[in-house]
Amino acid sequence: MLPRLVFISANALKGHGHFGAGLVQASRSLHTTSQSLAPVPPLPEKGGKVRHGIVPEELFQFLYPKSGVTGPYMLGTGLLVYMLSKEIYVINPETFAAAATGAVIIYGVKKFGPGVAAFADKLNEEKVAKAQEVKDLAMASLARAIEDEKKEQWRLEGRSMLFDAKRNNVAMLLETERRERRHTVTNEVKKRLDHQVALQNLHRRMEQEHMVNWVEENVIGSISPEQEKESIAKCIADLKALATATRAKATA
Amino acid sequence: MAGRRAALKAVDWVAFSERVPANQRGAFNALKARSDAIVARLASVPEAPAPIDWSYYRHAVARPGMAEDFERKFGALRIPEAVDTQTTAIDTREAEAEASARAYATESEDRVARYRAELEKFRNMIPFDRMTIGDLNDAFPETTLDKVKHPYWPHKAIADL
């Protein structure tokens, strides 16, 4: 498909030799062998140089050494005159039809040739671009896949950390349990001893209070009625004496 | 008792967290929360209980010999330690994980080799504008037109044009 397009485009559409330095048309061998000569040589940028649309430049180069610059033109003119005069080519109505048709064709090709060529090239380029895109996408996705695999392998390296963390947890739990048990034991023992001490203190206080009450009761009970009357009389006498003493002191 | 205590291996939680894939993030957060709680609980319990002041109790407790008796029994007491039931299970699971990780790593390497081969094939391909149709069909076998199934142009189902 691609070589066929090249043939058409090179010969019919791009054949106007108004381009810069011409390239010698690369000789492309026919693919006569069953092996594919891949990669095929790159397509030439420009078609072979031609003069006046038809006559290849090689003819002019070939005739230049012998007949100079005007050689091929003389040859062409001579051939034309020979054919007309000897009536090898007879002028008939078809001649004028051919001339008119030729003029129209040349005008059409000159005017629309580059546009059609560009369009055809664009079609081709789109095809190639699509294929290239597919290829680029495939390469990018492969590269990304490789990256992802590498990342997954890196992730794998951290697997020991999980188990370390779990073992740490277990060890910490055991240690906490151990400490808590020791604390419990100590606290219990202390509680028992403190209970004993508190009990003792309570006993002593109760005894003390009881003793004090008993002594008070006995003392109050031992005071007999006569002693009470005697002490009251003595108190009155003392008060009287005290009163006269103060009255005397006041008047004096 | 101190000899049996296994040394705590420092776990780098930051590095650990980096390697957790997105679909296991929840499990990782749960593990971290649990671990932090355990650490906090351990820190809150003091190392050893305050020692009992035996001399005070010897004077304070009236009953003769009670304090000495308690002291003796307390000193002779051996508190049973909790039994570690999980570490062996963890070790077995770690060994299993190791084995499966190695298997996965080899598979992964195979995949990487395959991807690399394909990448090389793509890189060494001739550029498209220098291929013939035959070359294109060799490089991408899916582009070959089945001339047996569709003998007439365009050699593919009309719907695929």
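1. A word on the model: it is predicted, local features need pLDDT of at least 70, side-chain atom pairs count only at pLDDT 80 or more, and totals for chains, interfaces and linings use all residues. Residues are numbered from 1 along each chain as its sequence is written, and side-chain values use heavy atoms, leaving out hydrogens and water.

2. Start with the interface. Here 72 residues of chain B are in contact with 63 residues of chain A (contact means heavy atoms within 4.5 Å). Together the two chains bury about 6900 Å², with 68% of it on carbon and sulfur atoms; buried area is the accessible area (1.4 Å probe) lost on putting two parts together, summed over both. B:Arg19, B:Phe128 and B:Arg130 supply 11% of the area that chain B buries against chain A, more than any other three residues.

3. Now look for charges. Eight salt bridges link chain B and chain A (a side-chain nitrogen of Lys or Arg within 4 Å of a carboxyl oxygen of Asp or Glu). One joins A:Arg159 to B:Glu98, with the closest N and O atoms 2.8 Å apart.

4. Next, the backbone. A:His52 has a positive phi, near 60 degrees, although the residue is not glycine. A:His52 is exposed, at 61% relative accessibility (exposed means over 50% relative accessible area, with a 1.4 Å probe and protein chains only). A:Glu87 also has a positive phi, near 55 degrees, and is exposed at 52%.

5. Finally, find the cis peptide bond between B:Trp153 and B:Pro154, where omega is about 10 degrees.

Notes:
Chains lettered and ligands numbered in written order. Buried < 20%, exposed > 50% of the residue type's maximum accessible area, 1.4 Å probe, protein only.
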